[in-house]
Amino acid sequence: MNSLAPRFLLPIAALLAAISALAAPAPKGCQYQLLATLPVHYTGPSLSLTIEGQINGTPAQMLVDTGAQGSMLTRTGVERRKLERHLSHETWTGIGGETQMYTAWVKEFRAGPTVTANEYLRVLGQTGRPPSHDAIVGAPFLLQTDLEISLATREIRFFKPDGCKNAMLAYWSQDPIEIPFTASDWRDPNPEFKVLLNGKEVTAVIDTGADTTVITRKAAEQAGLKLDAPGVERIDDMVGVGRHSVPAWSTTLDRLQIGRETIRNAEVGVIDSAHLGVDVLLGADFLRSHRVLFAMNQRKLYFTYVGGEPLGQRRRIEPWMQHEADAGNGDAQLTLAWMYQRGQGVPADQDRARALIRKAADGGNADANIQIVRELIDGGDHADAARRMQAILDRMPEDRYAALWLYLARMHGGDAALAQGGLAAAFKPYPTRWPAPIADFYLGKLGEEALLERSRANNGLAEGRACQALFFVGRYHLAAGDAARAAQFTERVTQCRESE
């Protein structure tokens, strides 16, 4: 990643004045002052860790990302508020390669108790999928002070140490594991440390922006893991910052040693990317089973195991996921619905899946509403379908699939002019980015064969995009009243899915 100067700084003096600081049980011989406690939420299809903030006085979900070397807005956050983006000379590197950066003028940005006012802030460019969060708070923001992450209580806490250089700071435990940093500086404060993969020493970081733990293909092979061995599964390509996807596998790691803790037979992801900078990203799965303290002044990590699977790739419905769904988290409800639809780790149950989708949709979840809208269109309730999609686009202007479904709902409702005008406006900021070719087909700018040819232009995503193109062409013919032509494409889509 680029070494960019931090922009969002935690104003310690302002915090002390604004917050009635609660003292944690202080280790003997030092003052360990609690500056702030922020609730953590699970957000988006990946159930990523976020905190609540504000952008220009409107609520904003912000990704908690110790793996990011800076803080920034996302396209979702900018376009939801109709902020003007300006091209910058900076680039940013992530799993999917490099992307151009932008800037946007923001009157007020609040992350937790911190306020930044009247500044141009960075805006992240290309990502593999539209971000579900409005902004990212990165390592320079999170790690200016000591940071504790306790997902068991769904909180992060900031501490200010005074006279604590040699004190044991993990106040909740008598015997924590301590890991010294091997690298950390102001440009990238997220500490690197050493771990052992099957006895081979490699570098690691704790990355709160990673949903699950992953290791690089190079490190996996150095540790003796063979990706063509029995039991290794090729899984969906991974996307992130940048326009490309990277190959990914799921495999079982014999032994991961972190200090004196040894994790055996853990399922981990392996990705073929040269852009990580380290060998292992310990993600949110590790954090759910451990309580972690970044002791920045001492240059060490403290952690303790608190229960549950120490690592996991979400092959089944885990207790925390069920708890989130039961508590009304629409993103978690939809995740469970997909698992029941596919029979992933649970017996397939289509009725239960539909009930969860309906519950998530009624709560305003965008992806769930897209699934409901298809049923509404097929059932003839075109007005409700259009209403739901318009509401999603009002909240998430970057959701281009919602724009496609809004077009279809309006076409089924007989309002072709409104359908065309709305679709053209929705895709104006994205004239080339997928699924823009589908919109071009709907708008009469592209023929069927040309659309299919465009869909196969990206080697890593060609198969999935070709299936999408076939599906949406079929839905177009259905909206136009040509059921026979639509059926031909439905058959081709069925063949697509059978070949997956």
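Student: In which hand does H9 pass H15, left-handed or right-handed?

Tutor: H9 passes H15 in a left-handed crossing. Left-handed is when the near helix is turned anticlockwise from the far one by less than a right angle, and right-handed is when it is turned clockwise. Before we go on: this is a predicted model, where local features need pLDDT of at least 70, side-chain atom pairs count only at pLDDT 80 or more, and totals for chains, interfaces and linings use all residues. Residues are numbered from 1 along each chain as its sequence is written, and side-chain values use heavy atoms, with hydrogens and water left out.

Student: What secondary structure does the chain have?

Tutor: You'll find 16 helices and 21 strands. Those are DSSP runs numbered from the N terminus: helices are H or I with at least four residues, strands are E with at least two.

Student: Back to H9 and H15, then. At what angle do their axes cross?

Tutor: Two packed helices are described by the angle between their axes and the distance between the axes. Helix H15 covers residues 462–479, and its axis crosses that of H9 at roughly 30°, coming within 12 Å. Axes here are lines fitted to C-alpha atoms, for helices over the stretch in contact, with angles from 0 to 180 degrees between N-to-C directions. H9 and H15 are therefore roughly parallel; the cut-offs are under 35 degrees for roughly parallel, over 145 for roughly antiparallel, 65 to 115 for roughly perpendicular, and oblique for the rest.

Student: Which residues of H9 and H15 meet?

Tutor: On the H9 side, look for Arg374, Ile377 and Asp378; on the H15 side, Phe471, Arg475 and Leu478. A contact means heavy atoms within 4.5 Å. Sorted by class, the H9–H15 contact has three nonpolar, no polar and three charged residues. Nonpolar covers Ala, Val, Leu, Ile, Met, Phe, Trp, Tyr, Cys and Pro, charged covers Asp, Glu, Lys and Arg, and the others, Gly among them, are polar.

Student: And how do H9 and H10 cross?

Tutor: H9 (residues 366–378) and H10 (residues 382–395) cross at roughly 165°, and their axes come within 8 Å. That is why they count as roughly antiparallel. This crossing is left-handed. Among the residues that meet are Ile370, Val373 and Ile377 in H9 with Ala385, Met389 and Ile392 in H10. The classes in that contact come to nine nonpolar, two polar and two charged.

Student: How far apart are the axes of H7 and H8?

Tutor: They are 8 Å apart, with H7 (residues 330–342) and H8 (residues 350–362) packed at about 160°. So H7 is roughly antiparallel to H8. H7 passes H8 in a left-handed crossing, and this contact has eight nonpolar, four polar and two charged residues.

Student: Now a strand. Is alanine 104 buried or exposed?

Tutor: Find alanine 104 in strand E7, residues 97–111. Its relative accessibility is 0%, so alanine 104 counts as buried. The cut-offs for relative accessible area are under 20% for buried, over 50% for exposed and partly exposed in between, using a 1.4 Å probe and protein chains only. Leaving out residues up to four places away in sequence, alanine 104 touches several residues, including Leu73, Val78, Tyr120 and Val123.

Student: Where does threonine 203 lie?

Tutor: In strand E14, residues 200–206. Threonine 203 has 15% relative accessibility and therefore counts as buried. Its neighbours beyond four places in sequence include Phe193, Lys194 and Val278.

Student: How much of the chain is buried?

Tutor: Buried residues make up 54% of the 500 in the chain.
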